[in-house]
Amino acid sequence: MQVDLPDLRLLSCIARHLSFRQAADELGVSASAVSHSLRALEAKLGVRLFNRTTRSVALTEAGQRLLGQVAPALDNIQRALEDINTFRDTPVGRVRLNAPRPAGELVLAPLVAKFLRQYPGVKVDLVLDDALVDIVQAGFDAGVRYGESLQQDMVAIPLGGRQRFVVVASPDYLRQHGPPGSPRELAQFPCIGLRFPSGVLYRWEFEKAGERVEVDVDGPLTLGELSLAVRAAEDGLGLAYVYAQQAAAGLAAGRLVQVLGDWCPEVPGFFLYYPSRRLAPAALRAFIDLVRADTASAG
């Protein structure tokens, strides 16, 4: 019986995701190929490694025992390969990043484009997901989050500088409803709500001269993406609370008007974070260097 390194990598990948589709995405093959390879591996070993149904995948006791013994060896092999990669003039490999959608749109997209032009031997797998994800368990090299939601045992560096939210509406909306004079008046105005993936509705946050105010808003439309809120505001459906960058084009073109500007100061922006206990792959280190340089130049 001969079990090869790709077999063990397959085992580790399926166990990490507990999903043939997600394992296939990471390995760059089809889900059917993953299933076929797993059946071949189980045939070699003569034991079942995973119990699977149409809805779930779970390690068997034999699978847990095998993975527990081979996982440290796989990790050591990966570290050794990444260590050798540091001797290359140009990093190669794949960088897997997880980020909330606004970070992908506002900050990561231009950085990734610049990074790929600089390092053509690297591939970037960017997954945009507003839910809180365990990047280690999900097999990501790094993630992006707001500072208050960073996990422990992570190295975090600022990404893209400080951000600012703005309250905007269409000119027609303001002619019909008038502008709010303070955040507390927003309860009387139709607003476009934001719902987090957890189902929680976002309370709009304001600050002025040391006074902080959080407001529950209501209106005809609730969305899960801020970029859609900009379009809805341009269509006159309500006041929207979005990143200043997202509203910039509409403001410049006159499709949007900003209100409550003195209540919307700059806030800490996004952070790129990655596990502190792991040797960062060479491609990830190159991306980290790019992020540091970009943040420094931004101010």
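I counted 10 aromatic pairs in the structure, a pair being two rings of Phe, Tyr or Trp (its six-membered ring) with centres within 6.5 Å; planes under 30 degrees apart count as stacked, over 60 as edge-to-face and the rest as tilted. The model is predicted, with local features needing pLDDT of at least 70, side-chain atom pairs pLDDT 80 or more, and totals for chains, interfaces and linings using all residues. Residues are numbered from 1 along each chain as its sequence is written, and side-chain values use heavy atoms, without hydrogens and water.

I looked up Phe 196 and Tyr 202, which form an edge-to-face pair at 5.7 Å centre to centre, with 75° between the planes. Phe 196 is partly exposed at 36% relative accessible area, whereas Tyr 202 is buried at 16% (buried is under 20%, exposed over 50%, partly exposed in between; 1.4 Å probe, protein chains only).

I next examined Tyr 243 and Phe 270, a tilted pair at 5.7 Å centre to centre and 40° between the planes. This pair links distant parts of the chain, 27 residues apart: Tyr 243 lies in strand E12 (residues 240-243) and Phe 270 in strand E15. Both Tyr 243 and Phe 270 are buried. Ring pairs join these residues into a cluster that also includes Trp 204 and Tyr 241.

I then followed E15 (residues 270-275), which pairs with E6 in the antiparallel sense over six bridges. Strands are DSSP runs (E, at least two residues), numbered from the N terminus, and two strands pair if DSSP finds at least two bridges between them. I noted Pro 275 in E15 as the bridge partner of Met 154.

Notes
Helices (H or I, at least four residues) and strands (E, at least two) are DSSP runs, numbered from the N terminus.
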